[in-house]
Amino acid sequence: TAAVDLSCVWHNLEYMVCMWRPGENASSDTNYTLFYWFDGLKNHEKCNNYSVHQGIFSCIFNLSFPEVTNTYPAISILIRDDSEEIRPMCASKNPTTIVKPATPRQVTLSKLNDEIYVEWSESDTFPENCLFYEVVYHNGDLATAQIIKVIFHYLVGKNYTSIPSVDPNRKYIFKVRAKLKPECYSSKLCSDWSEEKSIGEKADSTFCFVLIITIPLIVAVSTIILLVYLKRLKILILPPIPDPREILKRMFGEQNEDSQVSKKL
């Protein structure tokens, strides 16, 4: 009857989300309640923000510490029901192993000459130099996406990177995510990808198709017109020479007709 498959994620050092499934022998109307405690907290706290989706329970509670460091006390979690028929479940979580950074915000793109600059806001909840970033970009072909690892490029409250020697006639699409440095946290979780941003103009495929069809057609029509014009020009410059045999045949034919007419007369 005890809750099973407990998993918790500490989002951006601000709040924790815990999820679990009901015990195999628990009744369908079981109302699990989550309590948590850690060293430095006087009394245990109750999680009140519950939800159930497709039989999976989840609860969200704020979790932050006065000082931002690389080490934090373990979080003790108790999940139980008021009924004595439901067995309680206890667990301990090391928060540094389940940290997940927030998705990078305010991603902006700019272009200077043949170089693209990508900027995004720096997280203010993590210790300095405990995050690095991955920037993925492609020019429409997902199979050839490029990944850039940004350890530290920081200027005026923003992280940034640049991509030189870009094609000015292509459209580039970018997205960014944050990851934790192993020397700060042992968590393998990374942030969700930011919303894709694009820069540049992609050539209009319809326009290209029309050009592919139109240009050969124009060349063909122009060639036919030119051939007809050259043929007429040749006739004007070099008129055809009459065949002497045809001239003699017409002459003798006319004489025969005249002789026949004179005999009748």
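What follows is a short chat about the cysteines, a sheet and one arginine.

Guide: This is a predicted model, where local features need pLDDT of at least 70, side-chain atom pairs count only at pLDDT 80 or more, and totals for chains, interfaces and linings use all residues. Residues are numbered from 1 along each chain as its sequence is written, and side-chain values use heavy atoms, with hydrogens and water left out.

Visitor: How many disulfides?

Guide: The count is three, taking a disulfide as a pair of cysteine sulfur atoms within 2.5 Å. Counting bonded cysteines along the chain, the pattern is 1-2, 3-4, 5-6.

Visitor: What does the link of Cys8 and Cys18 look like?

Guide: The sulfur atoms of Cys8 and Cys18 are 2.1 Å apart. The torsion about their S-S bond is about 110°, so this disulfide is right-handed. Cys8 sits in strand 1 (residues 4–11) and Cys18 in strand 2 (residues 15–21), so the bond ties together parts ten residues apart in sequence. Strands here are DSSP runs of E, at least two residues, numbered from the N terminus.

Visitor: Are those two buried or exposed?

Guide: Cys8 is buried at 6% relative accessible area, and Cys18 is buried at 0%. Buried means under 20% relative accessible area, exposed over 50%, and partly exposed in between, with a 1.4 Å probe and protein chains only.

Visitor: Which parts does the Cys130 and Cys184 pair link?

Guide: Cys130 and Cys184 have sulfur atoms 2.1 Å apart. Cys130 is in the loop between strand 11 and strand 12 (131–138), and Cys184 is in the loop between strand 16 and strand 17 (197–199), 54 residues apart. At -80° about the S-S bond, this link is left-handed.

Visitor: And how exposed are Cys90 and Cys190?

Guide: Cys90 is exposed, at 62% relative accessibility. Cys190 is partly exposed, at 21%.

Visitor: New topic. What order do the strands of the open sheet take?

Guide: Four strands run 4-3-7-8, with antiparallel pairing; two strands pair if DSSP finds at least two bridges between them. The edges are strand 4 (45–46) and strand 8 (89–93), each pairing on one side only.

Visitor: Last one: what is Arg177 in contact with?

Guide: Leaving aside neighbours within four places in sequence, its contacts include Glu134, Cys190 and Trp193, where contact means heavy atoms within 4.5 Å. Arg177 counts as buried, at 19% relative accessibility.
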